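Subject: Structure handover and findings

Dear colleague,

My notes on it come directly after.

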Amino acid sequence: MIDEKDARLLLGRIFTMRLPRDIGELDLDRFPLGNYIVFRDALKASFEDSKQQIDAAKRKIRQHGVEPVFMMDEEGGRVTQISECFPSAPSAAAVSEQLEPAEARALYRHMSEALADLGIDINLAPCVDVNTEPVNPIIGCRAFGSKPETVAHYGRAFIEASRQLTGCVAKHFPGHGMTTVDSHLDMPMVNTSREDLESIHIPPFVSAARAGAEGIMISHCHYDVLEAGDLPASLSGPVIKNLLRGDIGFDGFVLTDSLDMDAVTRISGPAESSRAAFSAGADNMLYTENSARFEEAFEALTADLVSGRLDRTRLMESISRRRALLDRISSARPPKEGISRKRYLELRKRVMTAAVRMEDSRGLLPLRAAELACVTTDHGLLEKTGAYPKSVEEIGSPEEAAGKVLLLWLVEPLRLKHSLEVVRRMIEASQVSVLVTSYRSVAGTLDTCDAKIVTVDTSPETQASILRRLFGEMP
């Protein structure tokens, strides 16, 4: 019979939790976790200070007898954590459009050198979803493209460039690129055929595994042809055990997407979903937002392990995979000559410049009106524009747009509160309209706008550049 203290130490290796802003909040006596995901709010203003913060956290974890694994979501583009202390990479879509694979390797090699220097062991990237849905609300520019060959090619370049420096996790198996629902908000129901999954969406994951990806992250989408019940892939034995482990033969580290996303929390409590994910074959249960949900899940599985309800042999398999992952990372030796910062910045600038296309034949930009009406799917926009001497007011009807200068900012149609028909009527009612979007299909649909900025990179730096085009230089 295993005692509670030993159970906690073992389970601390199959859960991942968000690293707190203050490492003094690490409750390692109660939750002796070895795995943490690092978001931007846990970093400091400078690279060196951030490095010291991570190093201090790792020392504290080691003092509790656990070898830590620190993970980060650093895809580039809008999924970046380090952009405030390091010039982050452009989006995957922008990279594949503007760089040859050899150039992409150079870009990602330097990015990975920075992550390794910071103290990051595993990058939860690349995103190897094939974005076959033009208005996909969650993947979009995060994908290398809409063709499996392109995604596989650039996903391999990302992994090959990174694996001597940081481990990589390909996501979101068996594919999130065909969805019209954001799994942060609800469970996408996928009725794609088995043939399409196997010919379009799964091949980039097979390629990523062959390129040396240490892990694969499972999506929270439900796939009719794979799962007879109502479970998302992350909780599904047919997806993880049968398809990924059995048919594909992947024996690496398997992580869930965050189990506190609404796709899961709408159908299952924390204890139930963690049990289901573990039973389905996941080696690691990820929690990124809600510490209360993580604590409930951890306590439930601790009780299961002490009582014998949780399969200890199965647990040791997952711990062995983690150990193998640690051994591989610790034995990795970066090449003697890295990629120069100058070369990285040149490639990055080239991509980010070409990623933004502006149509302004009437010379309307920068906008001269003192007051702007706005329709946006980015509700941090009003805060971003607060430094400019213009008033930006969010509106919700064509009547409110009448006679005004209308700004449509990064319009992602499936996140909009309004139909595109309502947006068209707003454009017709306005005096002048300007569209900023990362969706080319939206730019084509809203073709009556007076000016457009279309970008395949939505990184913080690119957004700041677009704001300057819209409003002029900061006063």
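This is a predicted model: local features need pLDDT of at least 70, side-chain atom pairs count only at pLDDT 80 or more; totals for chains, interfaces and linings use all residues.

Overall architecture

The secondary structure of the protein consists of 18 helices and 16 strands. Its radius of gyration is 23 Å, close to the 23 Å that the globule rule gives for 475 residues, so the protein is as compact as a globular protein of that length. The C-alpha trace spans about 75 × 50 × 40 Å along its principal axes.

Of the 475 residues, 60% count as buried. Among the contacts in the protein with a separation of 6 or more, 75% are made by residues 24 or more positions apart. The accessible surface amounts to about 18800 Å², and carbon and sulfur atoms contribute 47% of that area. As for charge, there are 57 positive and 69 negative side chains, with the centres of the two sets 5 Å apart.

Helix α8

Helix α8 covers residues 237-247, and its buried residues are G237, V239, I240, L243, L244 and R245. An α-helix has 3.6 residues a turn, so residues three or four places apart point the same way. After α8 comes G249, which has a positive phi, near 85°.

Is N284 buried or exposed? N284 is buried, because its relative accessibility is 0%, and the cut-off for buried is under 20%. The side chain of N284 forms a polar contact of 2.9 Å with the side chain of T16. Beyond its neighbours within four places in sequence, N284 is in contact with R13, I14, F15, T16, N35, F253, V254, L255 and T256.

S279 lies within helix α10 itself. With a relative accessible area of 46%, S279 counts as partly exposed. The C-alpha atom of S279 is 8.0 Å from that of L235, although the two residues are 44 apart along the chain.

Yours sincerely

How values were computed
Residues are numbered from 1 along each chain as its sequence is written. Side-chain values use heavy atoms; hydrogens and water are left out. Buried means under 20% relative accessible area, exposed over 50%, partly exposed in between (1.4 Å probe, protein chains only). A polar contact is a pair of N or O atoms within 3.5 Å; within protein, one must be able to donate a hydrogen and the other to accept it, and residues adjacent in sequence count only if both atoms are side-chain atoms. Contact means heavy atoms within 4.5 Å. Helices (H or I, at least four residues) and strands (E, at least two) are DSSP runs, numbered from the N terminus. The radius of gyration is taken over C-alpha atoms; the globule rule is 2.2 Å times the number of residues to the power 0.38. Accessible areas come from the Shrake-Rupley method with a 1.4 Å probe; for residues, only the protein chains shown count as cover. Lys and Arg count as positive and Asp and Glu as negative; His and the chain ends are not counted. The place of a charge is taken as NZ of Lys, CZ of Arg, CG of Asp or CD of Glu.
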